[in-house]
Amino acid sequence: YISDDKQSLLFAGTDHGLFRSIDSDKSWVELKQGLFSQDIRTIAVNPKDRRVVYAGTPKGIFKSEDQGESWNEWFDQASGLTSIFVNDLLIDPEETDTIYAATQGGLFVSHEGGDLWTPVVNGIPKNENVQTIQFSAAYPSQLIISTQNSVFRSTDDGRFWEKKWTDLPKDISSIITFNTDPEFIFVGTKKGFYKSFNGGLTWIKDKNKNLKNILSLTVDTKDNTSIF
C-alpha cells in the first residue's frame, strides 16, 4: 500500500493473478503483461522510486518499472536465485538496490536491484524453507526471518544469523515488532498468537481460543498500536 497527497495505490497478490487499485479500493485492474505466473505470493515496492515493483511467485521474481503495467524482467536460476519458489520479499529502505528473497530453499540477497542473487548462510541451515523476512522496528539494522522450524535474527545487516526464541511453536507465519524499549514482539503461528514485551526473553500465549491458525499479521501504520 502506498499513499501520498496525489495517489493511493494498492496491490493485491492472489493465486489467480495480481491486481492494482489507484483509487483507494474503488476499482481494480488485473496486471498481466509479462507476468506469466498467476500465483503471487508477495509484493515489494521500492520506497524511493514507487514505479519499481517486485512480485514473488513460485516461478521466481518479476520486476516492473511502471507500477505494474508491464513486467520487463524475470529473475530465476540464471540470476543466481537457485530456489525460485518465493515466499517473501524485503527491500532495504535506505539502500533500495538491496533486496532479500525468502524462498523455500533458503534466503537470498541481491545488491543489484535483482539482477544477481547470492544465498545467505552463516547460521541459517542450508535449504531452509524461509517463510518471512523483515527489519526490526526497534533496531532497523537487525533482520528477522522465520522458517518452518525456527526464527533467526541478524544484528549486522544479514551477514551472520543466530537462532532465537526456541520456545515458540514451529510453523511461524508472521512476526511484528514495535519500536519500543524493551522491544514488543507479536508472533502468529498455527497454534495461536504469542506476545513478548521484553524482546523475546519470555512469551505469553493469547488466551483467545478463536486465535488458532494465524496466516498473517499486520500493523496499522497510522498509530502503530492496532494489530490485524
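Buried means under 20% relative accessible area, exposed over 50%, and partly exposed in between (1.4 Å probe, protein chains only). This is a predicted model, where local features need pLDDT of at least 70, side-chain atom pairs count only at pLDDT 80 or more, and totals for chains, interfaces and linings use all residues. Residues are numbered from 1 along each chain as its sequence is written, and side-chain values use heavy atoms, with hydrogens and water left out.

**Exercise 1.** Is Q67 buried or exposed?

Solution. Q67 belongs to the loop between β7 (60–64) and β8 (73–75). Its relative accessible area is 17%, so Q67 is buried. Its phi is near 60 degrees, a positive value in a residue other than glycine. Most residues other than glycine have a negative phi.

**Exercise 2.** Which strands stand at the edges of the open sheet of four strands?

Solution. Write the order: β17-β18-β19-β20, with antiparallel pairing. β17 (172–178) and β20 (204–205) each have a single partner strand, so they stand at the edges. Strands pair if DSSP finds at least two bridges between them. Two bridges join β19 (residues 192–196) to β20. Y194 stands opposite K205 in β20.

**Exercise 3.** Locate P182 and describe the peptide bond from D181.

Solution. P182 is in the loop between β17 and β18 (184–189). The bond from D181 to P182 is cis, with omega near 5 degrees.
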